[in-house]
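Me: I have a model open on my screen and would like to learn how to read it. Could you take me through some features one at a time?

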Amino acid sequence: MSGHKMLFSGLKLWRPGRGRWMSRLHDGEAPNPNATSCCNPKVCIVGSGPAGFYTAQQLIKARPDVQVDIYERLPVPFGLVRFGVAPDHPEVKNVINTFTQTARQSRCSFYGNVDVGTDVSVEELRQAYHAVVLSYGAEGNRTMGVPGEDLAGVHAAKDFVGWYNGLPSCRQIRPDLSCETAVILGQGNVALDVARVLLSPLDFLKKTDITQPALEALAESQVRRVLIVGRRGPTQVACTIKEVREMVKLPNTRPEMMAADFEGVAEALKDLPRPRKRLTELMLKTALEVPGVEEQQRRDGASLSWGFRFFRSPVEILADPERSRTAGIRLAVTRLEGSGEGARAVLTGELEDVTCGLIISSIGYKSLPIHPSLPFDSRKAIVPNNMGRVQRAAGLYCSGWLKTGPTGVIATTMNNSFDTARSLVEDMESGTLDVSAAKPGSQSVGALLEKRGVKPVTFPEWEKIDGVETRRGEAVGKPREKLLTVEEMLQVARSYHC
């Protein structure tokens, strides 16, 4: 793709490689340096993950006159689809095809390499657009709040996942995999993704888009046992049956459960909703049933093991004698008060130490405020909103995890983003959101960015990065070999040829 091709962007054109914006002119129209735009509604979306793209998709579908501009801090789009979904789940990444169709529409523009809050303020975006949708997700980590969690050998799951998925900010993480036992705190799908990556056969991972540095580190890994720890019981786990089934079938591994954790669970099955019942039955079968001959032989030959540990809560990370890195974890034994989803874990007073050299905390992501002047509920770590309308901030909306907290799968985010888009369209049509006055949109933002020396990455420029990554991947039998630094990404984006 030629770098000289001019790309539509609101009422401007961005000429890749030239780093400047030009006014879009209609046939026979003389240049007007003071022109802003016609009165088509202009909406800006901050963040290009699933929430951002699903919001854009619904807006474009609902309003044939709307122009949507998506701003993204990184040079590459798709957020957690690229940096969060497990490498061995390529089918989940297929939503990228839908997002690409949206981004290629004439009424949608992507501007990567623009850090909203630093390169341009939310207030400047609000002045340039009729509406601004905050969809930048949850980039913070929930902390455990226990002594020793800053020791070497302790990682947040978000960072560990970012490391093996090629998130530039996680490139420097070098997890020490020289220990025999790893403990993962939390029992959601991310925790199981991490466990699976730690224990998967290398030949299997080599065919995924896992990064080369992660592949090399896993090739040298001494981790033989992974424990997945949760405060509550088997009927409260946050993971889904697909992920547990993948663990059960993982080659060269055997399950290592504690029968005591499943006391009374069989009796509770009849009262569980169907998805939860099927998941619990699978765990019960794996933990307690005597396996058949073939399965027993498979387990006997396995050199790796994994297991859930229920009714355990971390109280301290234990250091080695030099106090330089983790040597274990102290867990408080819990019991449940109440039942079902609402059951609470309470401490029994009993403690238990587990020797381990790697601890990964998978207790949740959290959103961070983008600017102190904007509404933010720091306790819930969300932007306070009503169906995506930010409270006490006309023209400001939110979608995705910033709206609801970090829960659910991509389909959950899709529904909540569609709801936000519907709220926005309703406000346009009712007059609650005034779209009668012209707004400059990307025209004025582009001028500000140019003045500040910021060169956005357009979607066709991302497609150059995509082309390079897929070709590099093909050469080694992988779907792609990701570029791992922002500098590399920009270098490819600015090059004149794919």
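Me: Let me start with Asn 252: how exposed is Asn 252, by relative accessible area?

Reply: The general idea is a scale: buried means under 20% relative accessible area, exposed means over 50%, and partly exposed lies in between (1.4 Å probe, protein chains only). Asn 252 has a relative accessible area of 35%, so it is partly exposed. Asn 252 sits in the loop between helix 9 (241-248) and strand 12 (253-255); helices (H or I, at least four residues) and strands (E, at least two) are DSSP runs, numbered from the N terminus. Its phi is positive, about 60°, although Asn 252 is not a glycine.

Me: What should I know about the model itself before going on?

Reply: This is a predicted model, where local features need pLDDT of at least 70 and side-chain atom pairs count only at pLDDT 80 or more, while totals for chains, interfaces and linings use all residues. Residues are numbered from 1 along each chain as its sequence is written, and side-chain values use heavy atoms, leaving out hydrogens and water.

Me: Which residue other than glycine has a positive phi near 55°?

Reply: That is Arg 323, in the loop between strand 14 (312-319) and strand 15 (326-337). Arg 323 counts as exposed because its relative accessibility is 59%. Another loop to look at is the one between strand 15 and strand 16 (344-355), which holds Ser 339. At 62% relative accessibility, Ser 339 is exposed too.

Me: Is helix 6 mostly buried or exposed?

Reply: Of the 11 residues of helix 6 (residues 189-199), 10 are buried, so the helix is largely enclosed by the rest of the structure. Among the buried ones are Asn 189, Asp 193, Arg 196 and Leu 199.

Me: How many salt bridges does the whole structure have?

Reply: A salt bridge is a side-chain nitrogen of Lys or Arg within 4 Å of a carboxyl oxygen of Asp or Glu. A search of the whole structure finds 35 of them. In one, Glu 123 pairs with Arg 126, with the closest N and O atoms 4.0 Å apart. Both lie in helix 4 (residues 122-128), 3 residues apart, or about one turn of the helix. Glu 123 is partly exposed at 44% relative accessibility, and Arg 126 is partly exposed at 22%. Glu 337 also forms a salt bridge, with Arg 344, at 3.1 Å between the closest N and O atoms. Salt bridges that share partners join Asp 88, Glu 91, Asp 193, Arg 196, Lys 242 and Glu 246 into one network.

Me: Which residues gather in a patch of positive charge on the surface?

Reply: Patches are made of residues with over 30% relative accessible area and no salt bridge: like charges are joined within 9 Å, and nonpolar side chains (Val, Leu, Ile, Met, Phe, Trp, Tyr) within 5 Å. Here the positive patch gathers Arg 245, Lys 249, Arg 274, Lys 277 and Arg 278. Helix 11 (residues 274-288) gives the most, with 3 residues. Arg 278 belongs to helix 11 and is partly exposed, at 34% relative accessible area.

Me: What does the side chain of Thr 485 reach?

Reply: Thr 485 reaches the backbone nitrogen of Glu 488 at 3.0 Å. Thr 485 lies in the loop between helix 16 (459-475) and helix 17 (486-494), and at 13% relative accessible area Thr 485 is buried.

Key
Areas by Shrake-Rupley, 256 points an atom, 1.4 Å probe, with all protein chains shown as cover. Lys, Arg positive; Asp, Glu negative; His and termini not counted. Charge placed at Lys NZ, Arg CZ, Asp CG, Glu CD. Polar contact = N/O pair within 3.5 Å; in protein donor to acceptor, adjacent residues only side chain to side chain.
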